Amino acid sequence: MLSRLSIRQKLALLLTIPLVAALAAMVLSTTDRVSRAGAASATLTAATAAREVGVLIQDLQQERLLALGFLNTTQLDRSALLGQVQTALDDAARLRDHEVTAPVLARAAGPLAALATLRPRIAARGAVPSDVYLAYRDANDALLDALALLSTPGADADGLRQLAALDAFMRANEEASRVGAVLVAVTGDRPINRSLLTDALAAQEQHTRRFRQLVSQSQQTLLDLVEQGQAGRRISQLVVAASRPDGAAGLPVTEALTAAVSYTGLRRVVQDRIAREIATAAQARAASAAQTAAGVGGAAALLFVVVVVLGILVSRSISVPLRRLTGAAAGVADLAGAELVRVTDSDELDPAPPRLAALDIPGTGEIGALAEAFNRVQSTAAMLVERQISARRNVAVMFASIARRTQNLVGRQLVVIDGLARDGRAAALREPVSRLDRLATRLRRSADSLLVVSGTVDQGVGGTPTRLGDIIDVALAEIEGGQAVQRKAVADVSVSAGLVADQRLLLAELLENAVNFSPPGTAVEVTAGLTGAGCYVQIVDHGLGMTTQRLAEENRRLVERERLDVAPTTMLGLFVVGRIARRHQLTVRLDRSVGRGVTATVLVPRHLLQPVSAGRPLRAGRIAPILLEIPAAASSEPFEWFEPHRRALPAAASAALQIESAGRAAARAAPN
């Protein structure tokens with residue numbers, strides 16, 4: 001699966017796993033920090049609500065002391081009580097309008113409403129001190145319970161511990177205020193049940209002990225300063241006196257009220273400071289957690305961006321040079337492929353040696369080393385191609401030079417042979433001279449074939465259109481054993497001047513193959529006729545023949561572009577035939593003959609034919625009716641790859657074709 005991925009995709013996959021893991025860890029850390037910040041914020045909210053509600057509780061504690069003092073003595077002015085009542089009412093109204101404390105007052109609405117009905121009775125001195133004590137006790141307990149500091153939702157561990165300490169101290173302060181209220185009540189003319197004092201002292205001691213277990217030493221020291229101060233010692237003395245039977249009867253109410261108010265006020269200061277410290281610590285924790293969460297989140301985002309950017313840069317630093325290397329390699333491959341295609345079989349001149357641009361990829365790493373190595377490969381490949389081009393050019397020039405020299409020598413030899421043939425004194429040498437003439441003619445054809453192999457185009461035979469029958473006669477004259485060839489019906493048509501020499505050489509090679517591979521005494525038949533696509537020539541032998549695989553191979557070689565030095569064949573004649581056929585867009589096909597042997601069919605396109613009379617176009621007529629016999633191939637096995645290259649051949653076993661010619665005025669250009 002990984003092998004199918006690109007380098008960029010592999011790098012992305014390599015970076016994705018650690019990046020996702022790092023981001024997951026950062027997300028978890030950020031979530032934890034955010035959760036801590038939320039918990040600290042919950043603690044801050046609870047501490048803030050406790051401070052605000054604590055003000056109302058302290059107002060009610062002060063109001064309770066003044067109410068009991070007002071009921072037990074006429075020396076206390078009513079205006080002080082009414083002022084304190086108004087302060088408590090204002091604070092309650094303010095807290096009801098605040099979104100944080102409104103739910104607390106709503107939960108304590110019942111006991112607070114009971115105070116509203118009790119206050120007019122207190123002002124009229126018609127209330128019972130014990131009822132006043134219990135009403136204010138219920139109201140303050142309801143407010144403390146409504147705060148629910150021990151079960152604040154979402155608070156952190158430190159916050160819960162601090163809120164528990166604050167709850168214990170607030171409840172201890174309430175019990176201390178109750179002790180003062182009982183002392184005020186028992187010193188007056190309207191005494192209260194003394195058991196309330198014992199209960200308040202026990203509850204105060206319990207809450208104070210819990211408070212000391214939860215707070216720091218510095219906060220315990222604050223409480224000790226209050227307890228050991230003058231107000232604390234005076235309250236302790238009053239408690240001891242009130243505990244004796246009739247011990248507080250002689251104490252003035254104002255003295256007990258003053259001591260209780262002073263003691264309660266000092267505890268109120270400590271409570272406010274503790275609540276403020278809790279709120280400040282919670283706010284600091286929330287800010288620190290929020291900053292940490294923001295820092296971790298920012299670091300995660302920065303890490304993600306940096307990794308992505310680095311991944312892109314690294315992948316580009318690898319993929320871009322590799323793409324350039326791939327493109328250069330493709331260029332070298334295309335150059336080599338084009339060269340292979342071009343060198344297969346082409347009469348075109350070799351182009352200039354290729355020049356490949358060197359890759360300029362900076363860097364000293366593996367990519368740079370690869371680019372440097374590829375530049376060496378590229379230059380070596382270009383040098384090899386250049387040398388191959390030069391070698392092919394030199395070989396072609398050498399072949400052409402040898403062929404030309406051979407042609408010149410053969411030409412001079414034929415002149416000498418013609419002289420001997422005309423000399424009447426050499427009558428006894430007529431037969432050897434004739435054989436020598438045929439050998440020289442064959443040698444000239446070999447030189448022509450060598451010119452074809454070298455890629456040189458030779459128009460040495462004739463400069464005018466030539467009859468097809470004359471070309472066949474010349475081809476027969478250039479082979480050995482031409483007397484075994486039976487020249488049957490041949491269409492009276494001329495071949496264009498540019499094709500005459502190559503057509504003569506092509507037919508000579510096919511005829512010589514047919515004669516050489518036919519047993520002695522076996523005739524080779526030559527037939528030529530016209531079709532809608534042009535003119536065909538069939539050469540039929542009944543010799544050794546070829547296997548199906550060999551036929552397919554040779555037919556493929558006749559069609560495909562191929563150089564003799566790239567894919568050599570033992571049948572040089574067929575190689576020459578194939579090159580000539582491709583040069584002039586002729587179609588040559590080999591099939592099995594009826595019985596045995598090989599049938600070679602050559603189709604000349606119509607545009608390479610001309611009428612026998614150059615003055616009139618080639619058209620149907622009735623001057624020279626010729627019946628053409630085309631033997632059917634013994635093998636019906638098709639060559640599918642060959643079909644696009646085929647020309648239309650006669651469909652019937654025999655066809656009557658008539659042509660008309662205005663005359664035979666055109667000169668015959670047949671080689672001598």
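1. Leaving aside its neighbours within four places in sequence, Val132 is in contact with Ala67, Leu68, Leu71, Leu118, Ile122 and Ala127. The model is a predicted one.

2. Val132 also belongs to the largest nonpolar core, which has 76 residues; together with Leu60 and Leu143, Val132 touches the most other members. Helix α1 (residues 7-72) supplies the largest share of this core, 14 residues.

3. How many of the 13 residues of α16 are buried? The count is 11, so the helix is largely enclosed by the rest of the structure.

4. The length of α16 (residues 572-584) can be checked. At 1.5 Å a residue, its 13 residues should span 18 Å, and the end C-alpha atoms are 19 Å apart, which agrees. After α16 comes Gln585, which has a positive phi, near 60 degrees.

5. The model also has an open sheet of 3 strands, in the order β1-β3-β8, with antiparallel pairing. Strands β1 (466-467) and β8 (609-610) stand at the edges with a single partner strand each, so one side of each has no neighbour in the sheet.

6. Between β1 and β3 (residues 494-495), which run antiparallel, there are 2 bridges. Thr466 has Val495 of β3 as its bridge partner.

Methods:
Residues are numbered from 1 along each chain as its sequence is written. This is a predicted model: local features need pLDDT of at least 70, side-chain atom pairs count only at pLDDT 80 or more; totals for chains, interfaces and linings use all residues. Side-chain values use heavy atoms; hydrogens and water are left out. Two strands pair if DSSP finds at least two bridges between them. Helices (H or I, at least four residues) and strands (E, at least two) are DSSP runs, numbered from the N terminus. The expected span of a helix is 1.5 Å times one less than its number of residues. Buried means under 20% relative accessible area, exposed over 50%, partly exposed in between (1.4 Å probe, protein chains only). A nonpolar core is a set of buried Ala, Val, Leu, Ile, Met, Phe, Trp, Tyr and Cys residues joined through side-chain atoms within 4.5 Å. Contact means heavy atoms within 4.5 Å.
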